[in-house]
Amino acid sequence: MTESIEERRQVPYLEGLSLFGKDRYEEALIKYDESIAIDPEWTDAYHGKAIALMHLERYDEAIEVGQKIVELDPKDPFAHTSLSMFYQRKGMIDEAEAEGAKARMLSWKEELRTNPDARPPGPAGSMPVIQ
């Protein structure tokens, strides 16, 4: 029996997560790239790669990967949240706020699917951030 693409991409991805958990970000990047090579449209591997790049303070690369995720899945609130973090760490505050607003709106729209009475998100900075 041959492995499906889902099974093949999962192995390096999980190895990447394990390495990431050990703060071995450079090695994790290699595994995420292996997973992406198997399935270039699987956003989970891109998410892992982007966050590893952020931990390495390679913000320009993290932004590029975040933009790729948004290209693949424009309705992914986590992609916009991640981009907001990358922009913020790079000092690009206007861009960070714009991406944060997109993430809040997408999350609210998703919430409306299960809770039609959900209140709209507040303005940027209206939610306390715990660091």
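**Helix packing in a predicted model**

Colleague: Are helix 3 and helix 5 roughly parallel or roughly antiparallel to each other?

Modeller: In this predicted model, the axes of helix 3 and helix 5 come within 11 Å and cross at roughly 15 degrees. Angles under 35 degrees count as roughly parallel, and the relation of helix 3 to helix 5 is therefore roughly parallel.

Colleague: Are helix 3 and helix 4 roughly parallel or roughly antiparallel to each other?

Modeller: The axes of helix 3 and helix 4 lie 8 Å apart, and the two helices pack at an angle of about 160 degrees. An angle over 145 degrees counts as roughly antiparallel, and the arrangement of helix 3 and helix 4 is therefore roughly antiparallel.

Colleague: Is the crossing of helix 3 and helix 4 left-handed or right-handed, and how many residues of their contact are charged?

Modeller: The crossing of helix 3 and helix 4 is left-handed. On the side of helix 3, the contact is made by Thr43, Tyr46, His47, Lys49, Ala50, Leu53 and Met54, and on the side of helix 4 by Tyr59, Glu61, Ala62, Val65, Lys68, Ile69 and Leu72.

Colleague: How far apart are the end C-alpha atoms of helix 3?

Modeller: Helix 3 runs over residues 43–55 and has 13 residues, so at 1.5 Å a residue it should span 18 Å. The model agrees with this expectation, because the end C-alpha atoms of helix 3 are separated by 18 Å.

Colleague: How many of the residues of helix 3 are buried?

Modeller: The elements that cover the buried residues of helix 3 include helix 1 (5–21), helix 2, helix 4 (59–72) and helix 5 (77–89). Among the buried residues of helix 3 are Ala45, Gly48, Ile51 and Ala52. Helix 3 is mostly covered, and of its 13 residues the number buried is 11.

Colleague: Is Ser35 buried or exposed?

Modeller: Ser35 lies in helix 2 (residues 25–38), and, leaving aside residues up to four places away in sequence, Ser35 touches Arg9, Pro12, Tyr13, Trp42 and Ala45. Its relative accessible area is 0%. The cut-off for burial is under 20%, so Ser35 is buried.

Colleague: Is Lys75 buried or exposed?

Modeller: Lys75 is placed in the loop between helix 4 and helix 5, and its C-alpha is 9.0 Å from that of Ser107, although the two residues are 32 apart in sequence. The relative accessible area of Lys75 is 63%. A residue over 50% counts as exposed, so Lys75 is exposed.

Colleague: What share of the residues of the protein counts as buried?

Modeller: The protein has 6 helices and 0 strands, and its pattern along the sequence reads α-α-α-α-α-α. Among contacts with a separation of 6 or more, residues 24 or more positions apart account for 42%. Of the 131 residues of the protein, the share that counts as buried is 34%.

Terms used. Residues numbered from 1 in each chain as written. Predicted model: local features only at pLDDT ≥ 70, side-chain atom pairs only at ≥ 80, totals over all residues. Heavy atoms only, no water. Helix = DSSP H or I, 4+ residues; strand = E, 2+ residues; numbered from the N terminus. Buried < 20%, exposed > 50% of the residue type's maximum accessible area, 1.4 Å probe, protein only. Contact = heavy atoms within 4.5 Å. Expected span 1.5 Å × (residues − 1). Axes fitted to C-alpha atoms, helices over the stretch in contact; angles between N-to-C directions. Parallel < 35°, antiparallel > 145°, perpendicular 65-115°, else oblique. Left-handed = near helix turned anticlockwise from the far one by under 90°.
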